[in-house]
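Here is a short briefing on helix packing, nonpolar cores and a few individual residues. Keep the sequence and the model side by side as you read.

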Amino acid sequence: ATMPPLLSAIANAGRHGVLVKSAVVMERLGQVNAVALDKTGTLTEGTPKVTDIRPLAGSGLSEGELLQLAAAVEHPSEHPLARAIVDAARTRDLDIPLVEDFTSAPGTGVSATVAGRTVAVGSPTRLLRAGTHRVVAVATGLEEDGHTAVLVMADDTPVGVLGIADRLREEAAATATALERLTGIAPVLVTGDNPRAAARLADEVGITDVRAGLLPQDKVAAVKELEQTGRKVLVVGDGVNDAPALAAAHTGVAMGRAGSDLAMETADAVVVRDELATIPTVIVLSRRARRLVV
Ligand code: ADP
Ligand code: MG
């Protein structure tokens, strides 16, 4: 017997490096008419590097001490920004002190007790309630250059800012173009990162609809809002922060290499080797298979 179209399509998607978890998913991929792409780890490579270390005057910290403090708190975290900070400390041969009471808030940052001090590392806008601090200017400057600014606070006082940059995936812009050309869908950018860095990257990729500064539940709300206008949304993401949106969307696709275990488990399909360009391909495969089925 010849293989049913949806099963052939699954095999075909597999040859392109996309693991589609079921025939139902293979069918749903062809129904989507909106695509929401995450930024960090999805459009970017997900291996960011620390580019700037700026202890605040008056913090009493050297560059090395600031990096060491941040690395200690980030050590237990899986987040790509955490890995960048820990790697930067290791590259400089800094000891990474052990911490206690580690907590992590997806889309915001991490905190822990280091040598008796409560240290928080994360998004400046989330950690600073009022925007009056001197660090805001430093952070904004970094963000305008397309960096992610990471604030370090000790006992509720800002002590420094790290600038972190991630490379755009080589195929990011071509994927956005191919998506429009092959499927007629203009993608939306949904990111927890700051609006300035998001706008800068969206410009490079050719995305005009940008939703930034989103917490995990805000990504869900963005998906729901798109679905209220009658659209069926495909979410592509990699992080723990993307899991709720991957679950809420009509179809969720996770990145396999940059991706967290939670994202891969929650998603309906996995782009095994992170080849973003396969996203339009699987939508087309599904549409073709559906025409053969019905
Ligand atoms: P994205 O949606 O682009 O993948 P995330 O939701 O993972 O981004 O993160 C959003 C923002 O939350 C980051 O830009 C950063 O400011 C902050 N953040 C999240 N986790 C961490 C962490 N472990 N260390 C520092 N900052 C973090
Ligand atoms: Mg991400």
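Asp155 is exposed, because 10 other C-beta atoms lie within 10 Å; exposed means 12 or fewer such neighbours, buried means 20 or more, and partly exposed lies in between, with C-beta atoms placed from the backbone. This is a predicted model: local features need pLDDT of at least 70, side-chain atom pairs count only at pLDDT 80 or more, and totals for chains, interfaces and linings use all residues. Residues are numbered from 1 along each chain as its sequence is written, while chains are lettered from A and ligands numbered from 1 in the order in which they are written.

**Loop residues with positive phi**

- Asp155 is not a glycine, yet its phi is positive, about 45 degrees.
- Asp155 sits in the loop between β7 (148-154) and β8 (157-165). Helices (H or I, at least four residues) and strands (E, at least two) are DSSP runs, numbered from the N terminus.
- Asp274 also has a positive phi, about 65 degrees, although it is not a glycine.
- Asp274 lies in the loop between β13 (269-271) and α13.
- Asp274 counts as buried, because it has 21 C-beta neighbours inside 10 Å.

**Helix pair α1 and α13**

- The axes of α1 (residues 5-15) and α13 (residues 278-293) come within 8 Å and cross at roughly 165 degrees. Axes are lines fitted to C-alpha atoms, for helices over the stretch in contact, and angles run from 0 to 180 degrees between N-to-C directions.
- α1 and α13 are therefore roughly antiparallel. Angles over 145 degrees count as roughly antiparallel, under 35 as roughly parallel, 65 to 115 as roughly perpendicular and the rest as oblique.
- α1 contributes Pro5, Leu6, Ser8, Ala9, Asn12 and Ala13 to the contact, and α13 contributes Val282, Leu285, Ser286, Ala289, Leu292 and Val293. Contact means C-beta atoms, placed from the backbone, within 7 Å.

**Helix pair α4 and α5**

- The axes of α4 (residues 63-74) and α5 (residues 80-91) come within 8 Å and cross at roughly 130 degrees.
- α4 and α5 are therefore oblique to each other.
- The crossing of α4 and α5 is left-handed.
- Leu67, Gln68, Ala70, Ala71 and Glu74 of α4 meet Ala82, Ile85, Val86, Ala88 and Ala89 of α5.

**Buried helix residues**

- Leu66 is in helix α4. Leu66 is buried, because it has 21 C-beta neighbours inside 10 Å.
- Not counting residues up to four places away in sequence, Leu66 touches Ile53, Pro55, Leu61, Val152, Val159 and Gly160.
- Lys39 lies in helix α3 (residues 39-43). Lys39 counts as buried, because it has 28 C-beta neighbours inside 10 Å.
- Lys39 and Val190 are 151 residues apart in sequence, but 6.8 Å apart C-alpha to C-alpha.

**Nonpolar cores**

- The largest nonpolar core has 57 residues, of which Val35, Ala36, Val223, Val233 and Val235 touch the most other members. Such a core is a set of buried Ala, Val, Leu, Ile, Met, Phe, Trp, Tyr and Cys residues joined through C-beta atoms within 7 Å.
- A second, separate core of 35 residues includes Val138, Ala139, Leu142 and Val152.

Technical notes:
Left-handed = near helix turned anticlockwise from the far one by under 90°. Contact = placed C-beta atoms within 7 Å.
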